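Please load the model in a viewer and keep the selection panel at hand. The stops below are arranged by chain and by element.

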Amino acid sequence: MVATAVTSAFFSVTSSPDSSDSKNKKLGSMKSKPSVSSGSLQVKANAQAPPKINGTVAVTTSVEGSKNDDGASSPPPRTFINQLPDWSMLLAAITTIFLAAEKQWMMLDWKPRRPDMVIDPFGIGKIVQDGLVFSQNFSIRSYEIGVDQTASIETLMNHLQETAINHCRSAGLLGEGFGATPEMCKKNLIWVVTRMQVVVDRYPTWGDVVQVDTWVSASGKNGMRRDWLVSNSETGEILTRATSVWVMMNKLTRRLSKIPEEVRGEIEPFFMSSDPVLAEDSQKLVKLDDSTAEHVCKGLTPKWSDLDVNQHVNNVKYIGWILESAPLPILESHELSAMTLEYRRECGRDSVLQSLTTVSDSNTENAVNVGEFNCQHLLRLEDGAEIVRGRTRWRPKHAESSANMDQISAERA
Amino acid sequence: MLKFPYCNVTDLNQALAQCRFVGLLGPLASRRQSPRAVVSCSPSSSEFSLTPVQAVMSCQQQVGSSLVNRLRLGGLTEDGLSYKEKFIIRGFEVGINKIATIETIANLLQEVGSNHAQSVGFSTDGFGTTPTMRKLHLIWVTARMHIEVYKYPAWRDVIEIETWSQNEGRIGTRRDWILNEVATGEVIGRATSKWVMMNQDTRRMQKVSDDVKEEYLVFCPREPRLAFSEKNNKSLKRIAKLEDPVRYSKLGLKPRRADLDMNQHVNNVTYIGWVLESIPKEIIDTHELQAITLFYRRECQQYDVVDSLTGLELTEDSKTVSVGTNGSATATATTREDDHDCHRFLHLLRLSSDGREISRGRTEWRKKPTR
């Protein structure tokens, strides 16, 4: 296998192993021939025993073959002096061959994600793919499992948030706070998420290891889009896709801001030009009120653990509150398969919130599969100020949920 | 030579039902690894249906074959009597002080305890029960938890937690932890907990029988090893029950869906959050939790409503007295206690409906260090 590897390293390799997909473009670049192009090499190769690699004769014979067609300058007289440079060239050639062979060997043996773990023992994550994608692994811990025996949606969202911060950090885009570049800090600007869309194909369970990849792109002229792709580290199966839209806000005036040129200079190099990982859910989110809401939960207040470093409620916590007013039969028999949230306002420690939910009619234009439900949500303060507006889709957890479905339909009839 | 327990999970449904044991949780369906143990099960028709392939492992299977084991930065120590694991503090695990919250610490203690039990081959169904216990429908239940944190880790700090368990008294077992900061090697926290066995059908306590003792004692240190070796340490201090009126309170706390464990019981760590809810803001802003002790008396269910009560603890005349003034939730006149940098509180969690005690506790707070 070594001989093949060595040989193939020396010639341009046109097809790379399956494991090296677009993420491993860097390694593919080593396929080019070693920069040895002396016609004299072929002469020397014959004159001395070529080093054996694992018992096979070195590739110099094939080098000889390929070099034969090179420009045929008349060989200089073979004195002792003339032979010396050839040795070093040969040595250089052999070294390069060895290095190329080693790399090629590693590539052939390489399982897709193992190097990530070897180099990243604490799962801090690393930038891959030309410096634009950040990738991090998470093991699902026992306390992250919810009532449904799977990682909760809050756990997934925490992972997304964590990779976003770590991405900024490793790209050098982190000022003092979480998520503001140095130039932004100078101008008192912060990123604020306005929209989040998540589609979960499968929830990971205890003991799973998920890989979260994230990247940013432009969103319009003054926004930023951050996408995530969550997959099972072992099987590669895509578990979750998410996309979010961010705008810039002055943290003192609380007004939206255009992206200043200095900040643009900082962040634009990191924008990937790619399609969103999720088709945008363009359906307008309805604002519920007391008359249209079927389920209302009042008196929700943030706990100490809900607050982030700025004493604002962490974005992820809103999801828990939204689910507080989701009807229990749906929560017990179905799982959240998709979610779209629009963030309107922040709230802090002293806020008192209300969570409203309505189960959408299945006959609306938003066709659902059999057994699935759509819900509309609103999270607001007691005075009516809107915090988050949302829409969720639920699919049956298991086939045996048909009984619950009848119950839900009956309730709403 | 250590004998490896041969675990036979014959009835998964029963094992799952009604367990308040929070330290060792996990859905059956996903457990892929079973170091040094054999698990066989019959596929159940319940929602916890299990793929037989996933559950059957060979005795000879090496630990570390699965991805999560390779990634896990922990394992049994050389003598096999304790377990160590490293964790990095993640961004969503820090609180308003930019340091790990006490809930994060408590979650990690729970995680590492669970991983320890798993690595010695106990209940691969996730409950840390020995085979005999499962036969007798016995489960572990937390009775007491005491955590002291000397220095809170910050975001991206790496900490190592070592844990071990040993016998305690006639009906209990204890699990101890030591936390240290990997960068400096200094001990940043210690914890100890007491567990008792309960019959999951009758919900009554049961003495630890000799068969069960034999099963797990092989994995315990031979000599008593205590995280808190000092005599009269704080973990053993008696906690008085708060009586009305209390100084601070937060009423009407309801378990959220995220607070429930896989058996629809309120996770023990949630209790810590509830205790903190009735601490006044002035303390939270200026102080950090130095020690917390909780005695668990009753289980809390999904639809229970809980009141969290807090009173000052005065320690003059070496007598612990709980002080009550009017029942308002705001801080009133300062007492002698407030002049010190250390505050001590007594806590009570009780059901709103009938006042039955769920848990009682004690916390100590020290002034936040300048960072």
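Begin with helix 7 of chain A: 15 of its 18 residues are buried, so this helix is largely enclosed by the rest of the structure. Bear in mind throughout that the model is predicted. Next, select Arg169(A) together with Trp155(B): the charged end of the arginine sits over the ring of the tryptophan, 5.0 Å from the ring centre. Just after the helix, Gly172(A) has a positive phi of about 75°.

Remain in chain A and move to the loop between helix 8 (182-186) and strand 3 (189-200), where Asn188(A) is located. Asn188(A) is not a glycine, yet its phi is positive, at about 60°. Most residues other than glycine have a negative phi. With a relative accessible area of 25%, Asn188(A) is partly exposed.

Two further selections complete chain A. Tyr318(A), Trp321(A) and Tyr343(A) together form one aromatic cluster; over all chains, the count of aromatic pairs is five. Cys375(A) is buried, at 0% relative accessibility. The structure holds zero disulfides over all chains.

Now turn to chain B and select strand 1 (residues 74-76) with strand 2 (residues 83-88), which pair in the antiparallel sense over three bridges. Gly75(B) has Lys84(B) as its bridge partner in strand 2. Six residues lie between the strands of this hairpin, and Gly80(B) takes a positive phi near 75° there. Strand 2 of chain B is also joined by six bridges to strand 4 (residues 158-168), again in an antiparallel arrangement; Lys86(B) is partnered by Glu160(B) in strand 4.

The loop between strand 3 (138-149) and strand 4 of chain B contains Arg156(B). Its phi is near 75°, a positive value in a residue other than glycine. Arg156(B) is partly exposed, with a relative accessible area of 29%.

Which residues of helix 6 (residues 210-217) of chain B are buried? Select Val212(B), Lys213(B), Glu215(B) and Tyr216(B). They lie on the same side of helix 6 of chain B, because they cover an arc of only 160° around the axis. Asp210(B) and Glu214(B), on the other side of helix 6, are exposed. Continue into the loop between helix 6 and strand 8 (248-253) of chain B, which holds Pro245(B). The peptide bond joining Asp244(B) and Pro245(B) is cis, with omega about -10°.

Finish at strand 12 (residues 343-351) of chain B, a mostly covered strand with eight of its nine residues buried. Strand 10 (residues 306-314) of chain B runs antiparallel to strand 12 and is joined to it by seven bridges, with Leu351(B) as the partner of Val306(B). Strand 13 (residues 357-367) of chain B is also antiparallel to strand 12, joined by eight bridges; here, His347(B) is partnered by Gly361(B). Strands 12 and 13 of chain B form a hairpin with five residues between them, and Gly355(B) in the turn has a positive phi of about 75°.

Terms used:
Residues are numbered from 1 along each chain as its sequence is written. Chains are lettered from A and ligands numbered from 1 in the order in which they are written. This is a predicted model: local features need pLDDT of at least 70, side-chain atom pairs count only at pLDDT 80 or more; totals for chains, interfaces and linings use all residues. Side-chain values use heavy atoms; hydrogens and water are left out. A disulfide is a pair of cysteine sulfur atoms within 2.5 Å. Buried means under 20% relative accessible area, exposed over 50%, partly exposed in between (1.4 Å probe, protein chains only). Rings of Phe, Tyr and Trp (its six-membered ring) pair if their centres lie within 6.5 Å; planes under 30 degrees apart count as stacked, over 60 as edge-to-face and the rest as tilted. A charge sits over a ring if NZ of Lys or CZ of Arg is within 6 Å of the ring centre and within 35 degrees of the ring normal. Helices (H or I, at least four residues) and strands (E, at least two) are DSSP runs, numbered from the N terminus. Two strands pair if DSSP finds at least two bridges between them. The arc is that of the directions from the helix axis to the C-beta atoms.
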